[in-house]
Amino acid sequence: MAKPVVLIAEELSPATVEALGPDFDVRSVDGTDRPALLAALSEAQAVLVRSATQIDAEAIAAAPNLKVVARAGVGLDNVDTKAATTAGVMVVNAPTSNIISAAELTVGHILSLARHIPAAHAALAQGQWKRSKYTGVELYEKTVGIIGLGRIGALITARLQAFGVDVVAYDPYVTPARAQQLGVTLLSLDDLLATADFVTIHMPKTPETTGMIGLEQMKAMKKTAFVVNVARGGLIDEDGLYEALTTGEIAGAGLDVFVSEPPVDQKLLGLENVVVTPHLGASTDEAQEKAGVSVARSVRLALGGELVPDAVNVAGGVIDPYVRPGIPLVEKIGQVFSGLADSPLTSVDVEVRGDLVEYDVSVLKLAALKGIFTNIVSESVSYVNAPLLAEQRGITVRLLTDPASDEYRNVITLRGSLSDGSQISVSGTLTGTKQVEKIVEINGYDVEVPLAAHHIVMVYGDRPGIVAVYGREFGDAGINIAGMQIARRSAGGQALSVLTIDSPAPDDLVEKVRVAIDAQLLREIDITL
């Protein structure tokens, strides 16, 4: 069997290839050579890129087998995530690979501004001994304002506190308890700007945050204050910054990122009170290796059909270890659920009951949809395109939670309405120390059946001799019944029987058994385990 093709379109560390392992056909191409890239993508299941390779709609259309695009870094400006999602292609990046490098560079810019290190070096390299000109300031007992107290902001805080600074922060999504844990005082943006001796910004670039530090904000800062941007170009308005620097509104700035890269407008680069670097936030050997290894692991998960926590176009985010075992369970329940449907689905409720509801269980809705569509659509189903498949078919999907679970610690139920007005339901749980996957309810009948590759589900009138009839038919056909459970609501009413069989049953045998026992429902359900 041919190995999946993984295409590396830019130079990555040897550790990246090592992390992929021996299970893939790893090929290389120059991602900036467009014709070569498009030709190589025709056989690729995965492509790994950095920032130079453009994976746009054209590239995705040229890759009919593509399942995952992996960006060995944080930004995704060179990947058309919308086109990838429409095509059912997962997009992953390495969101934490550069956080230490970015934090350290930020501290480097702050120190460089405080002590004029780049300018003093340049002067001395030219033979000029100007000690008095480059008198700086200590960080000790200064106030550093951090705009955006996320992972990088927290790392900067920890490093700067060793200098004896006071750290204040503006972040509307950070709780006072978290700030207290970090040793940070939360302030409004206006108060932070007025208080801080150094301001460093660590926000995502959105329409709301673009230009959030402009001339007006810099006029509110101390005239002795410095501003640093190692996050995203455009968070600080460059025209406003130039005016603030040249008119003495602030003392200086440290910039690693720019609106255009390389900068088209060179005016900021020539100012003596500006320290600039060419977007070096992630440019360390360690960050590059972490990014490559991280996305290589994500590619392995994606091509193995597993959910990838770092996928940017899959809802669910980081999955708690307590929730993770429920993902394959729900996928399999979804396959049973769709196998019982006689007409198209119009709505699906994913009901989670028990201790699980204390965690983020949104991933279980994705798992349910992936399972439901796995055996009923022709295209490849992934966690990425499963919601799109539901939307295209007009299926309403809800996630419902309830902490109460009477019989089991946790139960997950898929309940759906069909276009013919009927309803179906399937429930499952994990039991025991081995977390055995079991079906515990089908259409209101209580059962407890370990999930296996092949099941027969039957509903028929409860009467003597029925088990002997279908037992004989399957036995005569050489189909071994490995397990069986019968449930009924009342004696003489309808009964539901679930068989576990060791091999698939031919369609003609299934029909023969249905007629022999006059079953209202008889369905073979094969599950991809």
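**Pocket, domains and sheet of a predicted model**

Reader: Which residues lie nearest the centre of the largest pocket?

Author: The space in this pocket comes to about 1400 Å³. Helix H5 (99-115), helix H7 (151-160) and helix H12 (285-303) each contribute at least two residues to its lining. Of the lining residues, those nearest the centre are Val74, Gly75, Asn98, Ala231 and Arg232.

Reader: Between which domains does the largest pocket lie, and why?

Author: The protein is divided into three parts: domain 1 (5-94 + 286-304), domain 2 (98-276) and domain 3 (325-526). Two of these parts supply residues to the lining, and the pocket therefore lies between domain 1 and domain 2.

Reader: Which residues of domain 1 lose the most area to domain 3?

Author: The centres of domain 1 and domain 3, taken over C-alpha atoms, are 36 Å apart. Contact involves 6 residues of domain 1 and 5 residues of domain 3. The two domains bury about 400 Å² between them, with 73% of it on carbon and sulfur atoms. On the domain 1 side, 75% of the buried area comes together from the residues that lose the most, namely Thr85, Gly88 and Met90.

Reader: Which strands are the edge strands of the open sheet of 7 strands?

Author: With parallel pairing, the strands are ordered E8-E7-E6-E9-E10-E11-E12. An edge strand pairs on one side only, and this applies to strand E8 (185-186) and strand E12 (274-276).

Reader: Which residue in E10 stands opposite Thr200?

Author: Strand E9 (residues 198-201) and strand E10 (residues 226-229) run parallel and are joined by 4 bridges. Facing Thr200, the residue in E10 is Val228.

Reader: What is the omega of the cis peptide bond that joins Glu261 and Pro262?

Author: Most peptide bonds are trans. Pro262 belongs to the loop between strand E11 (252-255) and E12. The bond from Glu261 to Pro262 is cis, with omega at about -5°.

Reader: What is the phi of Glu141?

Author: Most residues other than glycine have a negative phi. Glu141 is found in the loop between helix H6 (117-125) and strand E6 (143-147). Although Glu141 is a residue other than glycine, its phi is positive, near 70°.

Key:
Residues are numbered from 1 along each chain as its sequence is written. This is a predicted model: local features need pLDDT of at least 70, side-chain atom pairs count only at pLDDT 80 or more; totals for chains, interfaces and linings use all residues. Side-chain values use heavy atoms; hydrogens and water are left out. On a 1 Å grid over the protein atoms alone, a cavity is a set of points where a 1.4 Å probe fits but cannot get out, and a pocket is an open set with protein on both sides within 12 Å along at least five of seven lines; lining residues have an atom within 4 Å of a point. Grid points are joined across faces, edges and corners, and a volume is the space filled by probe spheres set on the points. Domain bounds come from an automatic or database domain assignment. Two strands pair if DSSP finds at least two bridges between them. Contact means heavy atoms within 4.5 Å. Buried area is the accessible area (1.4 Å probe) that two parts lose on being put together, summed over both.
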